[in-house]
Amino acid sequence: MPGKPLSNTCVDCRNADYVLTIRGRSLCRECYIQFVGYKVFKRMEKYRLRRDLPINGPCSVLLPLSYGLSSSVLLHMVHAQVQRLLSKPHAPPGFELQVLIVEPSSISSSSPPHNEAFQLLQQRYPHASFTKLPLHSVYEYVPGLGDILSEYAGPGFADDVSLPPKDRLDTFRGSITSATSIADVDSVLLNRLIVAFAKSLRCFGVVWGDSDDRLAAKTLASVSKGRGSSLTWQVSDGTSPFGVEFTFPLRDLFTSELQNYANFFPDLTDVIIPDTPLSDNILTKNLSIDQLMMRYVSSQGAKYPGVMSNVTRTANKLQASRITTDGSRCALCETLICNPKGTSSHFQLATDSNQFCYACERSRPGLS
Ligand SMILES: [Zn+2]
Ligand SMILES: [Zn+2]
């Protein structure tokens, strides 16, 4: 633009003033949206082009939405991709977008029900199908879970099947004492519900809304909780042990970059439940490891973003660890159980009882 100082101009289109700087590039609104959106678009190519997937027939992808910043931004971006696909006459077969909301109020009593947001989402994202489930519907989607939880909780816990599922789950959670163990078991149950729901819809994949820094926090927390052997599928793109593909399309983006993106879309910001920053007054011993790691990553990640992306990148390069296993799976989290050399699980199999992996054992009531 003649007469305009060059320094105000967007470095990509050179056609508008820049509004934000991302990774050393000063970009205008449109170019920022494109820059950030392209990182997700690239990761969704597998489903858009149906690479290694059946080319005909329906192909559904499940996006679990927590109303948090990351998963809401992911929905916005992936929905835009579906919309573009549908508008083109000779587009590749593409995918159908399914969205599952596990009601935040059913996970934590301090979260609001957020019912208006569910209606808003359906109006604003018409090319996606939405389902809302409470966490306790995991009893319905995972047959036999009641027995598994009873055995897991041990003799001190009595599961009353005549109670409504919500009360059953609350009683079970009440039997676990430490914040870390409750958060760990909740995340296992959440994962089981999401996977079981994805399978009930015959989805080929689950796309998770974890940003780069969140994946870094998850990596560090998983190792501290003894879930290091399941790191690969928890943070890497590829086949999960549950038979569905896991993809993390936001893995190249930081939370602050997603926040800047969301700020461009007021429609999007009003469905998002902002993260309540963990008060510094909360005693560290009352925080779960996940919360501690998130606090650490958000304070240090702001100062050293390179370190956090390194954590995520390194974890993403890990091969499924060469664990010694006889193929038996943990009854609670469904991942393969590592058997130390020379031991066998035949005894447990012979007694027909459920087996739990090392990490789940650590969160068991009485031990936590
Ligand atoms: Zn531009
Ligand atoms: Zn387990």
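Buried means under 20% relative accessible area, exposed means over 50%, and partly exposed sits in between (1.4 Å probe, protein chains only). What you're looking at is a predicted model, where local features need pLDDT of at least 70, side-chain atom pairs count only at pLDDT 80 or more, and totals for chains, interfaces and linings use all residues. Residues are numbered from 1 along each chain as its sequence is written, chains are lettered from A and ligands numbered from 1 in the order in which they are written, and side-chain values use heavy atoms, leaving out hydrogens and water.

**The chain**
- Of the protein chain's 368 residues, 46% count as buried.

**The zinc site**
- Four SG atoms, from C330, C333, C357 and C360, coordinate the zinc ion (ligand 2) at 2.3 Å; donors here are N, O and S atoms within 2.8 Å of the metal (3.2 Å for Na, K and Ca), and with water not among the atoms, sites may look incomplete.
- Along the sequence, the zinc donors follow the spacing C-x2-C-x23-C-x2-C.
- C357 and C360 are both buried.

**Salt bridges**
- The count is 16 salt bridges, each being a side-chain nitrogen of Lys or Arg within 4 Å of a carboxyl oxygen of Asp or Glu.
- R364 and E361 pair up through their side chains at 3.1 Å, N to O.
- R364 is buried at 18% relative accessible area, while E361 is partly exposed at 28%.
- Salt bridges with shared partners also link R43, D237, R251 and D252 into one network.
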